Amino acid sequence: MTFSDFQIVYVLTRGGPANSTHLFATYAYQVAMVGSRLGLGAAISLFMFPVLALVIVFQLVYLRREQA
Amino acid sequence: MARVAVGETFAKRLVVYHLPLFFFVLFALFPFYWMFVTSIKSTHETYNREVNPYIPVACATAVVEQVRSLNFDGSALMENCFYHWRTLLRDTLFIRWLENTLLVAIVSTFISLFAGITSAYALARLNFRGADTFGVLIFITYLVPPTLLFIPLSDVIGDLPFFHLNLLNSPWALIVAYPTFLVPFCTWLLTGYFRTIPKELEEAAMIDGATRIQAMIRIILPLALPGVLSAGMFAFTLSANEFLYALIFIYDAANKTVPVGVVSELIKGDVFYWGELMSGALLGSVPVALIYSFFVEHYVAGMTGAVKG
């Protein structure tokens with residue numbers, strides 16, 4: 001899922017220049033691992049959760065409909 | 001040519017099938033060509049805007065010269081063509097990264113296949129209470145991405161519950177971390193595959209005196225081999241290409257895997273060692289591509305989930 005992508009952004013820009021190309025995942029990595037503020041980083045990555053939960057619900061509904 | 005329909009001339013087939021296929025293949029193989037060309041150019045040539053970027057001039061002239069004079073000169077070839085390859089294999093830890101990647105990918109693939117086969121069989125066949133709920137829960141864990149899990153997981157790996165081991169900076173960190181997404185993946189894929197195998201086959205085996213375990217191992221597993229193979233291949237590529245966990249759990253250059261090692265050791269600040277990067281990328285991706293093309297029939301059968309005959 002591009003929404004939670006890390007790899008491409010990290011390899012191409014590392015979120016730079018001046019933190020202008022971060023996604024949630026890369027920013028969480030930047031804060032938690034590079035800046036060693038684990039709690040803040042975890043909070044940032046948790047911001048992805050509502051959207052991901054929605055996606056999961058839709059996928060499950062779709063899967064159920066296909067099986068029925 | 002029994003299969004060619006009436007009115008389907010060679011020219012028409014050329015336009016309808018071969019031409020689009022040709023462009024598609026060109027599109028698919030171009031990255032590999034680009035990696036190869038860049039890996040055999042000198043650094044100077046890579047940055048030179050005056051020359052044609054698609055042709056490695058220095059290397060090509062050296063090869064042509066040697067073929068013309070029928071005088072093989074290995075060291076000249078080394079300097080003109082494979083300079084970056086030599087640097088990568090001799091002066092960096094690339095071989096170590098390759099070993100680490102293989103170890104981690106193979107071990108975690110086998111762990112996940114074992115867990116995946118057993119749990120998928122249970123979900124597909126044993127109608128225990130809450131089997132559906134379990135299936136949905138496993139599907140949900142598959143959909144939660146590593147980007148959400150890596151911070152808590154780094155804490156867990158640093159002090160493994162029950163064992164009180166610090167696995168950080170060892171390949172074992174990755175071997176225990178990768179099944180977190182591989183097991184749900186294998187289970188989900190194999191549940192679907194097991195469902196396509198007729199129940200009657202193992203019922204017949206059990207009437208003939210086999211236990212359920214025997215029926216599973218002797219009857220169902222051989223029939224499910226295409227599914228198991230494709231699940232294993234997918235699990236292998238997923239764990240060999242994994243980036244985030246490998247980046248976070250491993251610090252020492254000697255313990256890194258190929259994707260992380262190449263990115264973190266061959267890019268120093270603003271300096272990109274393009275030749276080494278590209279040869280490393282090629283060496284890392286070609287084996288996987290070969291395995292795929294080798295098993296492609298099994299893999300297609302595994303995806304469509306068909307038991308024939």
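What follows is a conversation about the predicted model shown above.

Visitor: Before we start, what are the ground rules for this model?
Guide: This is a predicted model, in which local features need pLDDT of at least 70 and side-chain atom pairs count only at pLDDT 80 or more, while totals for chains, interfaces and linings use all residues. Residues are numbered from 1 along each chain as its sequence is written, chains are lettered from A and ligands numbered from 1 in the order in which they are written, and side-chain values use heavy atoms, with hydrogens and water left out.

Visitor: How many helices and strands are there in chain A?
Guide: Chain A has 4 helices and 0 strands, where helices (H or I, at least four residues) and strands (E, at least two) are DSSP runs numbered from the N terminus. Chain A is more spread out than a compact globule, because its radius of gyration is 15 Å, well over the 11 Å that the globule rule gives for 68 residues; the radius is taken over C-alpha atoms, and the rule is 2.2 Å times the number of residues to the power 0.38.

Visitor: And what share of chain A is buried?
Guide: Buried residues make up 29% of the 68 residues in chain A, with buried meaning under 20% relative accessible area, exposed over 50%, and partly exposed in between (1.4 Å probe, protein chains only).

Visitor: Which residues of helix H2 in chain A are buried?
Guide: In helix H2 (residues 24-34) of chain A they are A:Ala25, A:Thr26, A:Ala28, A:Tyr29, A:Val31 and A:Ala32.

Visitor: What do those buried residues pack against?
Guide: Within chain A they pack against helix H1 (7-12) and helix H3 (38-46), and in chain B against helix H8 (146-158) and helix H14 (244-249), a contact being heavy atoms within 4.5 Å. Just after H2 of chain A, A:Ser36 takes a positive phi of about 45 degrees.

Visitor: So how much area is buried between the two chains?
Guide: About 1,900 Å² is buried between chain A and chain B, and carbon and sulfur atoms give 79% of that area; buried area is the accessible area (1.4 Å probe) that two parts lose on being put together, summed over both. The contact takes 26 residues from chain A and 18 residues from chain B.

Visitor: How many salt bridges between them?
Guide: The count between chain A and chain B is 0, taking a salt bridge as a side-chain nitrogen of Lys or Arg within 4 Å of a carboxyl oxygen of Asp or Glu.

Visitor: Switching to chain B, how is it divided?
Guide: Chain B is divided into domain 1 (10-82) and domain 2 (89-304), with bounds that come from an automatic or database domain assignment. The centres of domain 1 and domain 2 of chain B, taken over C-alpha atoms, are 35 Å apart.

Visitor: Which residues of domain 1 lose the most area to domain 2?
Guide: In domain 1 of chain B they are B:Phe32, B:Met35 and B:Ser39, which together account for 58% of what that side buries. The two domains of chain B bury about 680 Å² between them, 80% of it on carbon and sulfur atoms.

Visitor: Is B:Phe162 buried or exposed?
Guide: B:Phe162 counts as exposed, because its relative accessibility is 80%. B:Phe162 is in the loop between H8 and helix H9 (171-177) of chain B, and has a positive phi of about 70 degrees although it is not a glycine.

Visitor: What about B:His164, buried or exposed?
Guide: B:His164 counts as exposed at 62% relative accessibility, and B:His164 lies in the loop between H8 and H9 of chain B.
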